Amino acid sequence: MATPKLKLVVAACNNGGIGIEGRIPWRIKQDLAFFKKITSTTQDTEKQNAVIMGRKTWFSIPEKFRPLPGRVNVVLSRELPEAPEGAHLARSLNDAITLLTTGPLASKVESLFVIGGSSVYEEAMTSDKIPCLLYLTRVIENFKCDTFIPDVDDRFKKLPNPDTMPEEVLKENGVDFKFELYEKSLC
């Protein structure tokens, strides 16, 4: 079976920073709304999307919002002894893909979204075996960060934004940002 195209959703500032001390250093409600919409919306109303995240990303989500509602939550960890309440546990990104594309979850899941953290993004972005779409909210500011994504290099081709994503630079809370879409195909 071919590896499904993963959909990576991330907001990053000018230096590729995505977080500091387990939190996002900016507050952009439009980006949060976009994240919720894209990870929750399915073509088939009988299915849900899956959100795949590392253990630190899971615990960075406020407890009252875990698991992310209306989505199949998968936490990646080699350390956790059991799945967090309301989520599935996988030991690696490949294990998560297998979990979601075979067995009982395969008929319930439409799309697979990677939502963090940096090592999960890096594995998906640099693998020559995993095709992916990258939904990037480019925060056009400098923020102090301790967590980063890899550069969007020449393996990624910028695509025109679909109608659901504005093209122009937006501003919220004094922060300029724009939505961009990239695709990494397998060679």
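This is a predicted model: local features need pLDDT of at least 70, side-chain atom pairs count only at pLDDT 80 or more; totals for chains, interfaces and linings use all residues.
The largest pocket has a volume of about 1600 Å³. Its lining consists of 46 residues, and those closest to the pocket centre are Thr57, Ser60, Ile61, Ile115 and Gly116. Several helices and strands give two or more residues to this lining: the strands are E1 (6-13), E2 (17-19) and E4 (71-76), and the helices are H1 (29-40), H2 (55-60) and H4 (118-126). Sorted by class, the lining of the largest pocket holds 21 nonpolar, 12 polar and 13 charged residues.

The second largest pocket has a volume of about 270 Å³. It is lined by 15 residues, of which Lys37, Ile38, Thr41, Tyr135 and Thr164 are the closest to its centre. Here the elements that give two or more residues to the lining are H1 and E6.

Ser111 counts as buried because its relative accessibility is 12%, and the cut-off for buried is under 20%. Leaving aside residues up to four places away in sequence, Ser111 touches Lys7, Gln48, Asn49 and Ala50.

The backbone has two cis peptide bonds to point out. One joins Gly116 and Gly117, with omega at about 0°. Gly117 belongs to the loop between E6 and H4, and Gly116 is one of the residues closest to the centre of the largest pocket. The other joins Arg66 and Pro67, with omega at about -10°.

For Glu21, phi is about 50°, and the residue lies in the loop between E2 and H1. Glu21 counts as exposed because its relative accessibility is 66%, where the cut-off for exposed is over 50%. For Asn173, phi is about 55°. The loop that holds Asn173 runs between strand E10 (170-172) and strand E11 (175-184). With a relative accessibility of 60%, Asn173 also counts as exposed.

Notes:
Residues are numbered from 1 along each chain as its sequence is written. Side-chain values use heavy atoms; hydrogens and water are left out. Buried means under 20% relative accessible area, exposed over 50%, partly exposed in between (1.4 Å probe, protein chains only). Contact means heavy atoms within 4.5 Å. On a 1 Å grid over the protein atoms alone, a cavity is a set of points where a 1.4 Å probe fits but cannot get out, and a pocket is an open set with protein on both sides within 12 Å along at least five of seven lines; lining residues have an atom within 4 Å of a point. Grid points are joined across faces, edges and corners, and a volume is the space filled by probe spheres set on the points. Helices (H or I, at least four residues) and strands (E, at least two) are DSSP runs, numbered from the N terminus. Ala, Val, Leu, Ile, Met, Phe, Trp, Tyr, Cys and Pro count as nonpolar, Asp, Glu, Lys and Arg as charged, and the others, Gly among them, as polar.
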